[in-house]
Amino acid sequence: MSVAALFEPFACKSLRSANRIAMASMARWATPRGDPAPLADFYRRRAEGGTGLIFTEGAIIDRPAAGNDPDSLRLFGEALANWPAVIAAVHDAGGAIVPQLWHCGATAKPGSRWRSPAPFESPSGLQAPGMARGEALTEAALDDILAAFVAAAEAARRLGFDGVEIHAGHGYLLDQFFWALTNLRSDAWGGPTLAERSRFPLAVVKAVRAAVGPDFALLLRISQWKSADLAARLVASPQELEAWLSPFVEAGVDVFNISQLRWDQPEFDGSPLSLAGWVKRTTGRPTIVAGGVGVSGDFISAFGGLTGEPEPLDGVARALDAGEFDMVAVGRGVLADADWAQRVRDGATRSPCPPAKLLAGVAN
Ligand SMILES: Cc1cc2nc3c(=O)[nH]c(=O)nc-3n(C[C@H](O)[C@H](O)[C@H](O)COP(=O)(O)O)c2cc1C
């Protein structure tokens with residue numbers, strides 16, 4: 001088996017990764033009041049362990065109800081002071097680092113009963129189809145959210161991150177706009193078509209692109225699945241996919257980060273190609289794939305207490321080599337083992353560490 005394809009460099013504008021292995025964003029809520037300081041050592045160890053690109057866990061933007069926990073990581077306010085040390089820790093270890101900008105919408109943290117001091121906010125006041133939670137967003141609130149995304153992206157550039165990612169998947173705020181069952185609006189931000197429901201996420205992408213300039217790598221994370229419905233689908237064919245994402249390409253997305261439950265799951269009937277493969281083919285943009293790279297099962301089952309077992313990496317390396325996608329994002333593997341990438345490079349034929357400690361606040 002050859003995993004050589006995983007160790008080719010990747011570059012896109014400001015973003016340069018020594019290899020094709022990224023650590024997927026993983027919210028751990030181990031940052032008191034959103035202060036990133038405790039992450040410096042955690043991310044440094046993963047960069048030292050050979051991970052080329054670190055995606056920060058979801059970092060919330062400056063809106064009272066953006067988070068789903070008092071300790072959600074922040075990219076605004078007092079938290080900004082401690083980001084330079086985190087970025088330097090990763091850069092000094094040879095890694096690249098990109099923050100993931102996050103607004104949870106009305107979607108709760110798994111298993112949490114915490115209620116935000118401000119009402120949860122979402123397109124139509126729903127956390128899931130038919131399940132009311134918080135308030136529907138007003139025009140003024142939408143303006144403020146857009147400004148908060150822009151401010152966080154500007155901060156990302158100013159602080160020295162290697163790019164910026166907008167989280168528009170998993171049933172969080174921007175994905176709640178996409179999904180017909182959580183976006184029931186009849187104003188300019190809703191409508192029967194996905195193109196109409198994409199207008200607010202698109203406005204965010206355009207505003208962020210305008211703010212960070214043309215050369216700063218802008219990534220968009222999307223998924224078909226939602227935490228409220230793992231079988232949910234926004235698009236059912238390559239044509240629908242292209243119609244959905246072309247405006248995002250024009251708006252300035254450089255890289256699509258595709259979250260699948262399994263990286264090798266075929267997306268549309270009649271083809272083995274994954275969603276990441278289809279997005280690359282239909283948009284012409286590089287893609288990153290996540291979902292069970294080197295580990296069995298999916299991370300949702302892990303929240304239910306099931307741990308994954310190591311799996312061979314030859315299949316994913318072959319697909320990467322064939323150009324189906326451009327990078328892999330590894331979640332549970334790199335969380336459980338800081339040296340995951342190094343060990344793979346040194347010839348481990350399987351990912352070495354079953355992520356048994358997944359939800360135990362791994363600190364190594
Ligand atoms: C503990 C945990 C927290 C996560 N938090 C986030 C997050 O903040 N943002 C995000 O986009 N995905 C999040 N994810 C999903 C991961 O980025 C990744 O897509 C998923 O774990 C699949 O990769 P894996 O099978 O290699 O674990 C999280 C996953 C886990 C296990």
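Biologist: How many of the residues in β10 are buried?

Modeller: Five of its five residues are buried, which leaves β10 mostly covered. Buried is 20 or more other C-beta atoms, placed from the backbone, within 10 Å of a residue's own. Strands (E, at least two residues) and helices (H or I, at least four) are DSSP runs numbered from the N terminus. This is a predicted model: local features need pLDDT of at least 70 and side-chain atom pairs 80 or more, while totals for chains, interfaces and linings use all residues. Residues are numbered from 1 along each chain as its sequence is written.

Biologist: Which residues of β10 point which way?

Modeller: Val-164 and Ile-166 point one way, Gly-163, Glu-165 and His-167 the other, and all are buried.

Biologist: What does β10 pair with?

Modeller: β5 runs parallel to β10 and is joined to it by two bridges; Leu-101 has Ile-166 as its bridge partner there. β11 is also parallel to β10, over five bridges, with Glu-165 partnered by Leu-219. Pairing needs at least two DSSP bridges between the strands.

Biologist: And what do the strands form?

Modeller: A closed barrel of eight, with parallel pairing, in the order β3-β4-β5-β10-β11-β12-β13-β14. On average, neighbouring strands are turned by 25° against each other, direction ignored. Helix α3 (residues 139–159) packs on this sheet, touching β5 and β10, and its direction makes about 170° with that of β5. Axes are lines fitted to C-alpha atoms, for helices over the stretch in contact, and angles run from 0 to 180 degrees between N-to-C directions. Contact is C-beta atoms, placed from the backbone, within 7 Å.

Biologist: Different topic. Which residues in the largest nonpolar core touch the most other members?

Modeller: Ala-22, Leu-101, Phe-149, Val-164, Ile-288 and Val-328, out of 102 residues. α3 gives the most to this core, seven residues. A core here is a set of buried Ala, Val, Leu, Ile, Met, Phe, Trp, Tyr and Cys residues joined through C-beta atoms within 7 Å.

Biologist: What does Val-328 touch?

Modeller: Leaving out residues up to four places away in sequence, its contacts include Ala-22, Trp-263, Ile-288 and Leu-320.

Biologist: Now the ligand. Which residues are closest to it?

Modeller: Ala-24, Gly-58, Phe-299, Gly-331 and Arg-332, among the 23 residues that surround the ligand. A residue counts if its C-beta atom, placed from the backbone, lies within 6 Å. β4, α9 and α11 each give two or more residues to that shell.

Definitions and conventions: Two residues are in contact if their C-beta atoms, placed from the backbone, lie within 7 Å. A residue is buried if 20 or more other C-beta atoms lie within 10 Å of its own, exposed if 12 or fewer, and partly exposed in between; C-beta atoms are placed from the backbone.
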